[in-house]
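Let's take a walk through a protein model together. Keep the picture open while you read, and try to find each piece as it comes up.

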Amino acid sequence: MRTSIFAATALLAVAATAQSSVIVPKSVGTKEGNANVWTPVRYNPSHTQWHVAASEIGLRSAVWSQMAMRRDGPRSTPFVAKTIEVEIWMNNSAKKPGRLSYRFSENLKGGTRVLKRKKVNLTAPKKPTSGAAPFTEVFKFDTKFAYTGMTLVVDMETFHAKEIGYWYADAQSYKVTQGKGPDSGAASVGTVKCPKNFYQSRAGANWPGGAIAYYGYSRVKANSEKVGFFAIGRSRSAWGSLKLPYSLSKVGGVGCEIATSFDVALPIKTDKTRTDGYVYLELDIPNDPNLAGVQVHSQMFVSDKSFNALGWRVSRRYTNQIGKNGYLEDRPGLMLYNYYTLPSYDVGIYRRDVLPIVEFK
């Protein structure tokens, strides 16, 4: 029997694809990782996305029908069997980890929803007597994923109203130097806020072309939805003819002040699924290098007639200085995540140089 070189090549390609079972990152393999991750397997609701360099996979192509996780081995606290509601997307990207967007959706364009939103059972695996734990937690895909030898993007969302059960997944952390002159910006805050624990902060990719999230804790009545606005401006000393900061005590806002110019005001509302009056707003930073070093000031105002005669809760001033670039060199992997938040939140406000250790088949 004679076989053409083209047929032989096709057979080899099929065989290579069939042998696509791999532990990622491959540098860890069967060894216990040196870290752990708490999203998406413990702190819920959550949105977790990790970016894996092609070098940490080691395959030119593969087709996978499932992904499995393993427990963090060293922990002595008993793990809790539970059911999580989860959705998984995957994608191939030409960009290297650290160069992708901090917007989850941007990194998933053209991707594949491999697991439709559904409930998945996690077991309560025992602490291994030696070595790494087995890959006991299997997520079987509804749609197979074709990996093409590029940066791998894995995106997992969980939809619980609150954290359920003790569970940490094994992971690998990387010691990564930042290169020359990394600059992800700076911040300063005011001290006046009403109530006194109405804090406001910022997180995310704080440089030109990045995406950031402002968030605050207005402390309104638990699980209530209150509307308000987010004021952002270039000045903290004057708003038109009004000298800043300007006390609101004379108009019923005892202990409150306006501390930024209202160059732009954007609508906000508290998250009714939470008990702390959480307020969240996402903004894209234009990809203009001239913005590096620019300072912008902001405050959050939440309507609440029961709080004071003015009927407003007011956060502290938050001054954000836009950076140049937070990550200047390539890295083996990177994880972005956002937890205790609504699924609609699209910016990874936390980042770690860490990868969950998973097995694809």
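Start where two parts of the chain meet: between domain 1 and domain 2, six residue pairs are in polar contact, with both residues at pLDDT 80 or more. That confidence score is there because this is a predicted model.

Where they touch, domain 1 contributes 14 residues and domain 2 contributes 16 residues.

How much area is buried between domain 1 and domain 2? It comes to about 1,200 Å², and carbon and sulfur atoms give 57% of that. On the domain 1 side, three residues stand out: Arg103, Tyr345 and Ile349 supply 43% of the area this domain buries against domain 2, more than any other three residues.

**Charged pairs**

Side chains of opposite charge can pair when their charged atoms come close. How many salt bridges turn up in the whole structure? The search finds 14, and two salt bridges cross the interface of domain 1 and domain 2.

Besides being one of the three residues that supply 43% of the domain 1 buried area, Arg103 forms a salt bridge with Glu282, with the closest N and O atoms 3.0 Å apart. Another salt bridge joins the side chains of Arg117 and Glu85, at 2.9 Å from N to O. These two sit 32 residues apart in the chain, Arg117 in strand β6 and Glu85 in strand β5 (residues 82-93).

**A sheet of six strands**

Strands β6 and β5 bring us to an open sheet of six strands, in the order β6-β5-β8-β3-β23-β24, with antiparallel pairing. Which strands stand at the edges? They are β6 (112-122) and β24 (350-352); each has a single partner strand, so one side of each is left without a neighbour in the sheet. Going across this sheet, neighbouring strands are turned by 20° against each other on average, ignoring direction.

At the β24 end, strand β23 (residues 333-339) pairs with β24 over three bridges, in the antiparallel sense. One place to look is Met335, whose bridge partner in β24 is Arg352.

| Strand pair | Number of bridges |
|---|---|
| β11 and β12 (residues 211-217) | five bridges |
| β10 (residues 186-189) and β22 (residues 318-321) | four bridges |
| β20 (residues 295-303) and β22 | four bridges |

Note on methods: Residues numbered from 1 in each chain as written. Predicted model: local features only at pLDDT ≥ 70, side-chain atom pairs only at ≥ 80, totals over all residues. Heavy atoms only, no water. Pairing = 2+ DSSP bridges. Axes fitted to C-alpha atoms, helices over the stretch in contact; angles between N-to-C directions. Contact = heavy atoms within 4.5 Å. Buried area = accessible area lost by both parts, 1.4 Å probe. Salt bridge = Lys/Arg side-chain N within 4 Å of Asp/Glu carboxyl O. Polar contact = N/O pair within 3.5 Å; in protein donor to acceptor, adjacent residues only side chain to side chain.
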